[in-house]
Structures are given as structure tokens and as C-alpha cells.
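Subject: Structure for your study

Dear colleague,

Please find the structure below, followed by an account of what was found in it. I would be grateful if you read the two side by side.

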Amino acid sequence: MAVQSTTQSGRPGALRPKVRKPRIGRVIGDSPAGRVIRIYVPLLLFLVVTLFPFYWMAITSFKSASELFDFSVSPLWVRDPTLAWYQHLLTQTNFPHWALNTAIVAIVSTLISLFCSVLAGYSLARLRYRGADSIGWGIFVTYLVPPTLLFLPLTFVIRELHLFNNLWALILTYPTFLIPFCTWMLMGFFKGIPHELEEAALVDGATRIQAMLRIAIPLAVPGILAAALFAFTLSWNEFLYALIFMNDSLVKTIPVGVTQELIHGDEFFWGELMAAALLGSVPVAVLYSFFVDYFVAGMTAGAVKG
Amino acid sequence: MGTATRADAVPAWHQRRVRIYDREAPLGYFLLLPTLVVLGIFLLYPFLFGIWLSITDSELGNVGKFIGLGNYRFEFRNTDGVFYGAVINTFLYTGVTTVFKLSLGLVMALLLNQIFPFRRFVRAALLLPYIIPTVLSYEAWRWMFDPTFSVINWLLVNTHLVHYPGPNWLGVPANAMAALMIVNVWRGTPFYAISFLAGMQVIPVDLYEAARVDGASRRQQFINITLPLLRPVLLVVLLLSTILTFADFQGPFVLTNGAPYNSTQLLSIWAYQWGIPGGAIGLGAAISLVLFPLLTIVVAVVLFMLRRPE
Amino acid sequence: MPRAKKRAKSGWSRRKFLQTAGVAVATMAFPEILISCGPQSNSTPTATIPKPRKGASIRLLQWTSFVKPADAEFKRQAAEWGDANGVTVAIETVTGDQLQPKTAAAVEASSGPDIIQMQYGWPQLYTDSCLDVSNEVNILIGKLGKPDPVNEAFCKVNGTWRAIPYTVVPNAWTYRTDYFQQAGVSSFPTTWDELTAAAAKLKTTSKPISQTDGHAYGDSLTMWNPVLWGFGGKEVNADGKTVAINSKETRDAIKWAQGAVQAGFVVHPEWLDPDNNQAYHANRISGTLNGASIYIREKIEFHKYTDVTNNAPMPSGPKGTFAMNLIFNHAVMKWSPDAETAKAMLLALMEKDQYQKWTMIAAGYNAGPFESLHNDPVFASDPKLKAFQDVVAPGKWPGWPAMPSKKTAQAQTQYIVADMFAKALANGGTGDIEAAISAAETSLKAIFERP
């Protein structure tokens with residue numbers, strides 16, 4: 001029966017619902033009350049906990065300076081909203097440039113990484129050859145070295161290639177932490193695809209590459225999209241390399257530009273900082289919402305028949 | 001796993017293997033080429049350099065001499081407790097947050113897999129913590145934990161859950177650690193959720209149909225179909241997230257930077273402190289690399305626990 | 001084998017230590033002589049004046065000033081000089097936390113900005129990457145007089161100037177005269193014991209005197225080092241080698257701190273540099289130690305508590321009055337293709353009239369590091385700024401009485417002194433003193449006895 005143990009506010013102590021039936025494209029034929037308890041309540045809790053910081057960021061970004069530091073009244077509402085922070089952010093700083101740079105770097109490095117990791121993931125997951133395992137582990141192992149160590153020698157490389165202050169410095173270095181990630185993720189997806197499908201194609205006379213392109217990759221599209229989302233996000237979030245390699249304000253990315261120009265040692269410009277945080281994430285989330293839906297639809301279409 | 005099927009005088013399996021290797025190796029390596037090139041230049045070289053640094057006494061700007069395991073010995077013999085504290089903290093931090101992220105992520109994925117109005121926007125909304133640039137989200141949380149203007153405390157106090165002025169989030173060791181974990185879980189759960197969601201999409205719907213026809217309850221379907229088929233995804237996600245959390249730097253650096261008095265010191269921050277502000281990059285590299293064997297142990301444990309029940 | 005190598009190495013370094021210690025002792029004992037030896041020993045009649053090269057391009061990396069207009073003025077002056085000399089100048093300002101990795105990367109890669117602002121003892125850390133600027137410093141000494149001993153201690157490594165002194169950011173006490181009056185404290189305390197008494201009285205107003213004891217980049221050092229020194233404590237001896245934190249004097253300092261906290265002085269382990277500013281502007285505290293930014297922001301931006309805000313110099317302890325200020329200097333980096341141009345620019349920016357234009361706009365946040373810059377008109381323009389002028393002279397550096405070195409830099413970046421106080425002051429000032437000192441001693445020994 002559909003008994004749901006409600007979760008507490010997504011915090012420590014959340015209990016897993018004992019009963020769940022994930023169905024795609026199917027309406028769960030239950031009583032409305034059951035749906036409420038089983039779906040809407042936990043969903044609401046998740047949403048509240050997840051989104052409260054964003055709500056807080058939003059109202060901070062609309063509060064005037066005097067309101068920000070006045071806790072004598074409830075800080076949860078804005079009494080005297082102001083657009084001054086947004087205006088200042090968009091006109092007096094290079095935020096638009098930073099946003100564009102971050103987007104370019106994220107998109108291109110994601111594409112490069114996907115290209116490399118789809119091929120590598122397929123190769124490591126599907127083909128058997130000497131050294132496959134070791135290379136797989138090798139890629140994995142280098143991932144264990146943290147960027148806080150890598151950025152120093154990497155500076156050498158960037159210097160040799162004369163890429164300082166150039167977006168290509170980031171576009172070429174980001175794949176180093178995107179590719180292992182995506183490769184491993186895609187290996188998981190490729191392994192989950194039943195062998196029989198490709199076997200059938202091979203028996204029919206297709207080459208390995210054709211099997212890969214026509215069968216394996218289309219079936220792994222949800223995984224590829226998930227990997228793309230993550231790669232894009234990791235790129236978007238990256239801070240250290242961008243800090244070191246980018247010097248001029250015009251070529252900085254959002255995390256670097258914002259922290260450098262909106263924090264002055266002794267002063268945090270909270271209003272503007274929160275405005276920047278919001279502008280740096282909400283549009284991307286909206287974009288994501290379309291992709292997340294797409295691969296669900298794609299899956300319904302590509303679901304295995306028989 | 002059926003591939004080549006011809007039998008010969010030589011043991012069949014051997015023949016098969018040779019065939020496979022011969023046939024698939026060129027293609028295999030060819031597909032790996034782009035990856036190997038990129039990683040070779042931008043990762044392998046710096047990585048080897050990092051190892052070399054750790055066995056020298058290099059300082060910033062000064063090439064050091066080979067000192068073997070001197071750096072490692074220094075850290076392990078150091079009795080001031082900071083290094084060992086950092087090791088314990090790192091494990092604690094990674095362990096606790098992973099457990100929460102895993103369970104909450106699974107719940108979230110199951111929820112997101114349902115049909116309900118505005119599903120698209122809800123999915124995007126629940127992804128927000130993962131999208132917002134790390135540094136900025138930690139600044140936002142810092143503002144929420146602010147010693148003077150914490151809205152969290154305001155809420156707790158005004159709903160009479162605690163007395164004024166509320167917990168000192170970043171000034172008391174236990175609270176500071178909790179604060180770090182809370183933010184990490186908040187940020188990381190969407191990652192697990194969306195991976196599980198994608199993984200669930202790949203599970204053929206017919207399996208559930210068949211099970212339902214057979215009279216299996218929802219819970220049985222979950223345990224016998226969903227979980228096992230999520231295993232490959234779970235493995236990947238768990239491993240990657242564990243590694244990332246182990247080496248997590250940006251967030252803790254911005255939020256506490258080891259304070260109060262090194263009680264939230266993590267290996268990544270400690271390595272950075274020695275290496276960059278302290279100038280002893282050989283030592284910093286060594287501390288970073290200590291993560292290596294530790295992570296290997298963790299990875300081995302995870303792999304063992306998630307091994308395929310053959 | 002490794003051990004033999006180690007012994008050999010420490011043999012070499014022992015000699016080096018004696019050398020450095022010798023210089024240190026000489027400097028400590030005879031500062032006048034050493035400084036006046038400067039221009040004399042450089043007895044070449046004409047110091048070479050660096051000439052800028054037309055068409056050169058100079059990049060300078062430094063800390064974002066806490067007073068925004070000051071940065072704008074600095075950039076303006078640099079651009080003006082650049083235009084006049086046909087040089088392109090680019091100035092990048094970043095936060096303190098970011099300046100460090102950027103500088104580290106530049107030093108490692110041997111490429112990057114032509115001029116980097118050196119904070120604290122960075123010339124000791126990056127000695128080989130900083131060019132010898134003795135020539136330029138001597139020119140400035142000739143024009144502007146003796147350099148401040150703290151700037152000199154940081155800039156001069158083994159007798160060679162590796163950076164050009166740039167500025168001092170004085171740290172003094174900013175406090176609310178209205179709350180003080182209300183509590184019956186007529187003037188800001190002049191000794192640490194008086195501070196305890198004052199803190200007790202201010203507790204009654206529920207607006208305590210407060211300070212950080214956490215990992216604040218500036219404020220943790222500027223507070224707890226002077227306390228330690230004021231009671232005679234020190235991290236290491238003047239030889240820069242022997243850890244000396246475990247002493248009666250240190251215990252005295254900690255006991256004072258515990259007394260103060262128990263009386264009503266509030267310490268915050270979670271406060272970073274902006275937090276005491278924020279608390280002050282939000283009317284939560286009645287006094288704190290900081291750069292002039294609190295007062296300046298009240299005066300220029302908030303206008304809420306300007307009239308009831310005043311500033312006071314550091315209280316004295318039984319062993320004297322000490323202060324710690326933020327010290328910035330400029331180094332010309334060895335990889336710069338236009339080092340002469342860079343030096344010329346720095347000299348131009350240090351010209352008295354240029355410099356004082358900048359300090360005037362900085363409204364008291366910065367002070368000059370040379371003798372003739374001491375009586376800066378900006379301090380005369382507002383009597384409330386006098387305290388910031390007064391704290392420059394008693395200023396010392398982290399690790400004093402040892403000379404700045406890689407090891408004192410490491411001790412500083414690990415916040416050992418602040419952590420020691422923080423541990424002892426936990427739980428309302430009732431922490432374990434012995435444990436705190438012991439931990440600090442172990443950490444210091446790990447650093448200073450490391451080969």
C-alpha cells in the first residue's frame with residue numbers, strides 16, 4: 001500500500017519513503033490524498049529547504065543598505081525595494097562580460113569534454129583490449145590530485161603556450177577535471193545498455209563504429225545529457241584556474257570577477273553580491289529546465305522494446 | 001558474454017581472447033586518443049610534477065633538492081595534532097555528507113520521477129544549489145550564518161526554537177563543522193538526484209509492468225528492480241562525489257578557513273596553507289598527496305560494497 | 001643516506017642562520033647605524049636613476065584598498081605617468097586571499113606582473129624572484145628620509161633591498177564615545193588593565209568592546225601580537241631559531257586576556273576582517289581594533305555615528321606599548337622585461353606630492369613609510385585621525401623580535417598566536433592555558449625546527 005514516511009525538512013534525519021514506483025509517463029493511480037502525502041509534502045519540504053537561500057539572496061539584492069543591517073523588524077520581507085544593486089552590477093561593473101566569458105568557456109569546454117569522453121567511455125566500457133582496465137584506472141587515479149596542487153605546474157604550461165589572459169587557457173584546462181568525470185559517468189551508462197542490441201547489429205554486418213554511432217550512443221543520450229549538464233556546471237563553478245590565469249577585468253569569469261570587485265577586504269557589498277549570485281545561476285537553471293525535460297522525453301521514445 | 005564463437009584446437013577461450021584483443025585494440029586506442037592527448041598535456045605532466053614536488057624540499061620559486069619521504073615524515077611525526085585532526089575531519093566531513101547526499105538524492109530522484117504540475121520548473125529549481133557558482137553560494141551561506149545578521153538565527157529565535165542570539169554557527173567547533181556539512185549537502189544533493197533520475201530513465205518500463213503483473217508491491221519493485229539497475233550509476237556517482245568532497249577546497253576555505261582554531265581544518269586547506277601562503281610547496285604537495293592512499297582505501301571499500309553479486 | 005644528507009644540509013643552514021642572526025642582532029642593537037650606513041655604504045656618488053622605456057607595458061598587481069577612491073587615485077596617477085612617458089600601465093587589484101595564490105603562481109611560473117605588492121614578509125618568501133632595488137630605495141631615502149623600521153625589516157633580505165617600501169595601514173581602536181560616556185569611561189584605556197576595567201563597565205550598556213580571535217587576515221594579527229608583546233611574550237627569540245612561546249610572560253598575556261573576557265571583553269572566533277566593521281556600523285559594539293576604514297566609512301558613507309566615534313592608540317602593557325600594522329611594499333619581479341621602466345614608475349609614484357595626494361584621498365587609511373612622509377597633512381586635517389598616526393611608531397612585525405623570514409611567515413599564516421589565545425579564551429575565557437601554550441609551542445617548533 002502507498003504508505004509514505006514523510007521526510008523531515010531535507011536535513012539530517014530524513015527517512016527514505018518505503019514505497020515508490022518510478023513510472024515514466026504513467027499517472028499513478030492512487031487516491032488524491034495518497035498523492036499529496038506521498039509526493040507533494042516531501043516535494044514541498046525539499047523545495048523550501050533548497051530554495052530558501054535563494055529567496056534570501058533575492059530579498060537581500062532588493063534591500064537598500066539601511067534595510068540590510070536592520071534586524072529590528074522582520075528581515076524576511078523587503079519594505080523598500082530598490083533596483084540600485086542590479087543597476088550598479090550591470091552598468092558599473094563588467095558583469096555582462098563576465099557572464100559571457102563564463103558561458104563561452106563552459107560551453108566549449110563541455111563540448112570538448114563530451115567528445116573525448118563519449119569516445120573514451122565507449123572504448124573503455126564496451127571494447128575489450130589489453131590495457132583497458134589500467135587506462136581506466138589511470139584516468140581515475142589522476143583525478144585524485146587536487147587542483148590546489150595542480151595549478152602551480154599548470155601555470156608553466158599555460159605560460160609556454162602564451163595563454164595567459166586568454167579564455168583558451170580555461171577552455172583547455174577545464175577538460176582535465178571534466179573528462180575523467182564524464183568518462184566514468186558514461187561508462188556507467190554504456191555498461192547499462194544490454195549487449196544484445198549491439199550484438200544484433202554486429203551480426204547483421206555493421207562495423208563496431210556503426211554499432212556505436214547508431215545504437216549505443218543514441219541509447220546513452222540521457223547519460224550524455226546528464227554528463228553535459230554536470231560538465232557545464234562544473235565549468236561554470238570553477239574558480240581557482242580562472243583566478244590565476246585571467247588578469248584583466250574584461251576576461252574574467254563570474255566567480256572571479258564578482259569576488260574581486262564586490263568584496264573589499266573590510267567590506268562585503270552584500271546587496272550586489274547576492275544580485276550577482278542570482279544572475280549567475282537563475283538563467284542557467286531556466287535553461288537546464290528544458291534539457292532535463294528533453295532527455296526524459298527522449299527516453300520514453302527510445303525505451304527498449306522487447 | 002558471447003562474442004567470437006569459433007572453437008579450435010587451442011583452448012577456445014584463449015582463441016577467443018586473442019581474437020578479441022587483436023580486433024578491438026586498435027579501435028579501442030583510437031577512441032581513447034583525444035582523451036589521452038588532452039589529459040596528457042594538462043593533467044599528467046602537472047600530476048607528475050606534483051609527485052616530484054612532494055619528494056623535494058621545494059619552496060615557491062626555488063627548485064628544491066630531493067629529500068625522499070622527508071615531507072611525509074615531517075607531517076606524520078608532527079605532534080601538534082593539526083595534521084591528524086585534518087585527516088579525521090576530512091573523513092568525517094566526507095562520510096557524513098555522502099550518507100546524507102546519497103539518501104536525500106535518492107528520495108529527490110524518486111520524487112522528480114513522478115508526474116505533477118510544473119514538473120519542469122521544479123526540476124530546474126531543485127538543481128539551483130548545484131548550478132550557482134560554488135564561491136558565490138558559500139558567500140551567500142556565510143551571509144546566512146553571519147555572526148551579526150544571521151537570518152537563520154533570526155528564524156530560530158523568533159519561532160522560539162532557541163534563545164537569543166541563537167547558535168554561534170562559525171565560532172564553535174562543532175557548529176562550524178555542522179555548518180560546513182549542511183552547505184555541502186545542500187549543494188551536492190542535486191548532483192546525486194539528477195544522476196539517479198537519469199539512471200532511472202534507462203530502466204526499461206516493461207520490467208515494472210511485468211513485476212506489477214506478477215503481483216509485486218511497489219516496495220518490492222523498488223528493491224528488486226530500481227536499486228540493482230541503478231548500481232552502475234550509483235557506483236560512478238558515489239566514487240566521483242566522494243573524491244570531490246575529499247578534496248573540497250573552495251567552500252570550506254571561504255566559510256571557515258580552518259577556524260575556530262583549526263577545528264574545521266581539512267587536508268585540502270592545510271595543504272594549501274603550507275604550500276601557498278607558507279611557501280613550502282614541497283610540503284604542500286606532500287600533504288595533498290596523502291589524500292591519495294586514503295582515497296584509494298575509500299574507493300576500494302566502496303567498490304567492495306557495491307560489487308556485483310555474481 | 002637521507003639522514004646524512006639532512007645533516008649536511010642543516011650544517012649549511014646553521015651557518016646561514018648564524019649569518020642571518022648576526023645581521024639581525026646588529027640591526028636590533030644598532031638600528032641607527034645600519035640605516036645610516038645605507039646611503040653611505042652605497043658611496044657611489046650618483047645613484048643611477050632608472051629611465052622608462054617608451055612603448056613599454058607595465059602590469060602591477062596589488063591588494064584592493066578598503067577605501068575605494070584611493071585605488072582610483074592610484075590608478076589615475078599611474079595612468080598619468082604612463083601617458084607622459086609613453087608607457088601602458090595596467091593595474092590589477094584583488095582581495096588579500098586571492099593575491100596570495102596569484103603571486104605564488106607567478107613566482108612558480110617565473111612570469112606574470114612586473115610589479116607585485118608584497119604583503120608582510122613576502123620578500124623573504126620570494127627573495128630570488130624579487131630584483132635588487134637597493135639603488136631605487138637609496139634614491140628615495142635621499143629624497144624622503146629614513147624608511148620605517150618595519151617596512152625595512154620586511155623589504156631588506158640579508159642586507160639587500162628586495163622591495164620598495166610603499167605604505168603602512170595603521171590599526172587603532174575605534175570606539176563609541178556615547179556608550180563610553182554612558183558607562184562612565186571618560187577616555188579610551190591607555191593600558192591593558194584599564195581595558196579590562198572599561199570592558200566591564202561597557203558590558204552594562206550591552207554594547208561590548210569586541211574583537212576577533214579567529215583567522216582574520218589582518219585583525220587577528222594586529223590584536224593578539226601586540227598583546228603578547230605588551231606582556232613580554234614572543235614566538236621566537238631574536239635569533240630566529242629558538243621557540244620561546246612557553247614562558248611566564250606568555251602566561252601573563254593570556255591571563256590578562258582571560259581576565260578581560262571574563263570582565264566583558266567579547267572575542268569572536270568566527271569573525272573575519274569585515275565582521276567587526278559590520279558590527280560597528282550596525283550599532284552592536286562599542287569599540288574594536290581596526291584600520292581607519294570604520295571611521296572613514298562612517299564619515300564618508302553612513303553618516304550615522306561619525307560624531308560619536310573616536311579613535312585611540314594601542315594600550316600599553318607592563319613591557320611597553322606595541323602595535324601591529326599592515327605593511328605593503330612593491331617588488332619589481334625578475335622576469336619583467338621592462339624592469340627599469342617599472343622602477344621608474346614606482347619612484348614617480350613615491351614622489352612626495354604625488355604620494356600625499358593619494359593619502360589625502362585615502363582619508364587616513366594609509367600612512368607613508370618614510371620619515372618625511374610622517375607629518376602627512378591628512379592626519380592634521382582631522383584630529384580624530386591622530387591615533388592612526390600615533391600607532392605607526394610602536395609598530396612591529398609578526399615574529400618580532402626575530403627578523404622576518406620564511407619561518408616567521410609560516411607561523412603567521414597558520415595563525416598560531418591567535419589560535420593560542422582563542423583556545424584559552426573559549427568558554428567565556430576559561431580555556432586551558434597550558435594546553436593552549438603547549439599546542440602553540442608544538443606548532444612553532446614544527447615550523448622553526450624544520451630543516
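Predicted model: local features only at pLDDT ≥ 70, side-chain atom pairs only at ≥ 80, totals over all residues.

Residues are numbered from 1 along each chain as its sequence is written, chains are lettered from A and ligands numbered from 1 in the order in which they are written, and side-chain values use heavy atoms, with hydrogens and water left out.

**Chain B**

Chain B has twelve helices and zero strands. Helices (H or I, at least four residues) and strands (E, at least two) are DSSP runs, numbered from the N terminus. The radius of gyration of chain B, taken over C-alpha atoms, is 25 Å.

Of the 310 residues in chain B, 63% are buried; buried means under 20% relative accessible area, exposed over 50%, and partly exposed in between (1.4 Å probe, protein chains only). One residue to look up is B:Gln114, in the loop between helix H3 (82–112) and helix H4 (119–131) of chain B. At 2% relative accessibility, B:Gln114 counts as buried.

**The nonpolar cores**

A nonpolar core is a set of buried Ala, Val, Leu, Ile, Met, Phe, Trp, Tyr and Cys residues joined through side-chain atoms within 4.5 Å. The largest one holds 345 residues, and the members that touch the most others are A:Phe190, C:Trp173, C:Trp224, C:Phe265 and C:Phe421. Helix H7 (residues 173–201) of chain B gives this core its largest share, 16 residues.

With neighbours within four places in sequence left aside, the residues in contact with C:Phe421 include C:Asp213, C:Trp224 and C:Ala257. Contact means heavy atoms within 4.5 Å. There is also a second, separate core of five residues, among them C:Trp271 and C:Tyr280.

**Details of chain C**

In helix H15 (residues 352–361) of chain C, the buried residues include C:Tyr355 and C:Trp358. The buried residues of this helix pack against helix H3 (68–85), strand S6 (164–169), helix H14 (339–349) and helix H16 (377–381) of chain C.

Most residues other than glycine have a negative phi, and most peptide bonds are trans. Where in chain C does C:Tyr120 lie? C:Tyr120 is in the loop between strand S3 (115–119) and helix H5 (122–125), and its phi is positive, about 45°. C:Tyr120 counts as buried at 4% relative accessibility. C:His303 also has a positive phi, near 60°, but counts as exposed at 54% relative accessibility. Finally, a cis peptide bond, with omega about 10°, joins C:Trp400 and C:Pro401. C:Pro401 is placed in the loop between strand S16 (395–396) and helix H18 (406–413) of chain C.

Yours sincerely

Methods
Rg over C-alpha atoms; globule rule 2.2 N^0.38 Å.
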